[in-house]
Amino acid sequence: MPALSVAEIVEATGGRLLRGDPRASVRGASIDTRTLEPDAAFFALRGERTDGHRFLAEAARAGAAAAVVRTEPAP
């Protein structure tokens, strides 16, 4: 996956940046914190068995460059 900026991901998803640097470089993506590489985007998806929003702290600890969320996390 070619590197994208956080701003490009925001534009592509029709979202808005809640915090962070829009110029930050993102290399890769994952929906699973167990396979998340540093500098990748974490997509917090809701599924039948779990909600990716529960793993935002783990994604940050794993070095995620961005988290794409549906609901705004608590500060």
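Author: In this predicted model, Asp 39 is described as partly exposed, with a relative accessible area of 41%.

Reader: Why is Asp 39 called partly exposed?

Author: Buried requires a value under 20% and exposed a value over 50%. The relative accessible area of Asp 39 is 41%, which lies in between, so the residue is called partly exposed.

Reader: Where is Asp 39 placed, and what is its phi?

Author: Asp 39 belongs to the loop between β3 (29-30) and β4 (41-43). Its phi is near 70°, a positive value in a residue other than glycine.

Reader: What is the volume of the largest pocket, and which residues are the closest to its centre?

Author: The volume of the largest pocket is about 640 Å³. Leu 18, Arg 19, Ala 67, Val 68 and Val 69 are the closest to its centre, out of 25 lining residues. At least two lining residues come from each of α1 (6-13), α2 (56-61) and β5 (66-68), and α1 gives the largest share, four residues.

Reader: How does the lining of the largest pocket divide into nonpolar, polar and charged residues?

Author: That lining has 16 nonpolar, four polar and five charged residues.

Reader: What makes some residues of the second largest pocket count as charged?

Author: The second largest pocket has a volume of about 270 Å³. Asp 32, Arg 34 and Arg 46 are among its lining residues. Asp and Arg count as charged, therefore these residues belong to the charged group, which has three members beside four nonpolar and four polar ones.

Technical notes. Residues are numbered from 1 along each chain as its sequence is written. This is a predicted model: local features need pLDDT of at least 70, side-chain atom pairs count only at pLDDT 80 or more; totals for chains, interfaces and linings use all residues. Side-chain values use heavy atoms; hydrogens and water are left out. Buried means under 20% relative accessible area, exposed over 50%, partly exposed in between (1.4 Å probe, protein chains only). On a 1 Å grid over the protein atoms alone, a cavity is a set of points where a 1.4 Å probe fits but cannot get out, and a pocket is an open set with protein on both sides within 12 Å along at least five of seven lines; lining residues have an atom within 4 Å of a point. Grid points are joined across faces, edges and corners, and a volume is the space filled by probe spheres set on the points.
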